[in-house]
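Trainee: Before we turn to the model, may I put some questions about its surface, its charged pairs and its helix packing?
Mentor: Please do; we shall take the topics in that order.

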Amino acid sequence: MSSTTYTADAPRSSTLLPMIIIGVLFFIFGFVTWLNGPLISFVKVAFALDDISAFLVPFAFYVSYFVLALPAGVVLKRTGMKKGMALGLFIMAIGAAVFGEFVRMRIYPGALVGLFVIGAGLSLLQTASNPYISILGPIDSAAQRIAFMGICNKVAGALAPLTFGALVMTGIDSFQDRVAKTAVGPAREALLNEFASRVFLPYMAMAGLLVVLAIWIVLSPLPEIKPSGANSERAIGHRSGGIFSFPHLWLGVLCLFLYVGVEVMAGDAINTYGQGFGLPLQVTSHFTTYTMLAMLTGYIFGLVLIPRFISQQRYLAVSAVLGVLFAIGAYVTHGYVSVAFVAALGFANAMMWPAIFPLAIKGLGSHTELGSALLVMGIVGGALLPQAFVHLKQYIDFQLAFVIVIVPCYLYILYYGMRGHAVGNRAG
């Protein structure tokens, strides 16, 4: 196994293999993450849940990032990034097996535990892989590299609902009718048990694949990177101080919190949003794919434009303005047109993570792992903002609830892209 240490000025050819390996990882956790949208519809039927209870799916998944990101940073200090990624994959495999088994048994709290464990593995994987790809080359072009990772992630995200739909959700509307016409009792329970068991084999297969990938990462020539050397504090004119002496990091944590919230709203809550117009469940279960396709388009634009024609921070600001405009478009229209505006938020959101993460960790030096862990904690926004939406829509129109939740988020992201990322930066 290689012990090579990469620096920020490593030649492009020397970074190609690590980028391919990390790209595979981004594909995997993109596939797993974007199953949450159709899973919300699935558990709602399989466990006979209301919207609030069904939205515990993204809550359990994303809240694990908040709980476990800091421990993940500690683990990475001991294991290094490479072994940490492999460990994350092993933990995800355990979570997938737990989820599949408890859904088959129709024990909803146990299924949520499985999702929490999957999120725990992903928190370790994300805490390692995002700073890794950010400092694999020059930090000012990190958004371009992360955009490539995002393409891998969102291709998987587009495939996940389609795959899940083909394996699990086929005939869901007619099945709902059968359940509704069946009296409460053993016959109805048998129907629901049969439906719930559809996820068992796919999730067991996923668990096995994750174990194989973990072993592959351990045996791969993926090199270690020393953040203290590749992401020097001199880049921002920082001389000394602890993690609290980097205000651009803390503003970035809040920015990432809000960004992940609006991304999950556009990617996972879009199914529930479409159902608000009375659209068929069989149709709405595929809406996440449209958001992912919009994000893929956004990544391609980012790859072409950053940093040759526009800086990553300026592109972040433009993306936030687009987010506001698309959100207003969703509010003033109805039906499929409104859903299309929500899906278009994927385009606005695409380059936000690739821009926010490197801007927030720039110049952290030896604090890079801890800063990365704090940013990954911000992913809990994906748990809380959809919960705010699903509770708020119990009292006001669902379109109004949607726009009330996400527009202020985009306005803060606009601030971070324009000014927040440079707060405390003394270089130049």
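**Surface, salt bridges and helix packing**

Mentor: Leu-87, Phe-90, Ile-215, Val-218 and Leu-219 make a nonpolar surface patch of about 410 Å². Patches consist of residues with over 30% relative accessible area and no salt bridge, where like charges are joined within 9 Å and nonpolar side chains (Val, Leu, Ile, Met, Phe, Trp, Tyr) within 5 Å. Accessible areas come from the Shrake-Rupley method with a 1.4 Å probe, and for residues only the protein chains shown count as cover. This is a predicted model with residues numbered from 1 along each chain as its sequence is written, and side-chain values use heavy atoms, without hydrogens and water. Local features need pLDDT of at least 70 and side-chain atom pairs count only at pLDDT 80 or more, whereas totals for chains, interfaces and linings use all residues.

Trainee: Which element gives the most to the nonpolar patch?
Mentor: Helices (H or I, at least four residues) and strands (E, at least two) are DSSP runs, numbered from the N terminus. The elements that give two or more residues to the patch are α4 and α9 (200-219). With three residues, the element that gives the most is α9.

Trainee: Is Leu-87 buried, partly exposed or exposed?
Mentor: Leu-87 has its place in helix α4. Buried means under 20% relative accessible area, exposed over 50%, and partly exposed in between (1.4 Å probe, protein chains only). At 35% relative accessibility, Leu-87 counts as partly exposed.

Trainee: How many salt bridges does the count come to?
Mentor: Side chains of opposite charge can pair when their charged atoms come close. A salt bridge is a side-chain nitrogen of Lys or Arg within 4 Å of a carboxyl oxygen of Asp or Glu. By this rule, the count of salt bridges comes to four.

Trainee: How many residues apart in sequence are the parts tied together by Asp-51 and Lys-393?
Mentor: The side chains of Asp-51 and Lys-393 meet in a salt bridge, at 3.0 Å from N to O. Asp-51 lies in helix α3 (residues 51-54) and Lys-393 in the loop between α19 (381-392) and α20 (398-418), so the parts that this pair ties together are apart in sequence by 342 residues.

Trainee: Which residue is linked with Asp-51 and Lys-393 in a network of salt bridges?
Mentor: Asp-51 is buried, with a relative accessible area of 15%. The residue linked with Asp-51 and Lys-393 in a network of salt bridges is Lys-44.

Trainee: What separates Glu-101 and Arg-104 in helix α4?
Mentor: The side chains of Glu-101 and Arg-104 meet in a salt bridge at 2.5 Å, N to O. Glu-101 is partly exposed at 24% relative accessibility, and Arg-104 is partly exposed at 36%. Because Glu-101 and Arg-104 are three residues apart in helix α4 (residues 56-104), what separates them is about one helical turn.

Trainee: How do α5 and α17 lie to each other: roughly parallel or roughly perpendicular?
Mentor: α5 and helix α17 (residues 352-361) pack at an angle of about 85 degrees, with their axes 10 Å apart. Axes are lines fitted to C-alpha atoms, for helices over the stretch in contact (heavy atoms within 4.5 Å), and angles run from 0 to 180 degrees between N-to-C directions. Angles under 35 degrees count as roughly parallel, over 145 as roughly antiparallel, 65 to 115 as roughly perpendicular and the rest as oblique. α5 and α17 are therefore roughly perpendicular.
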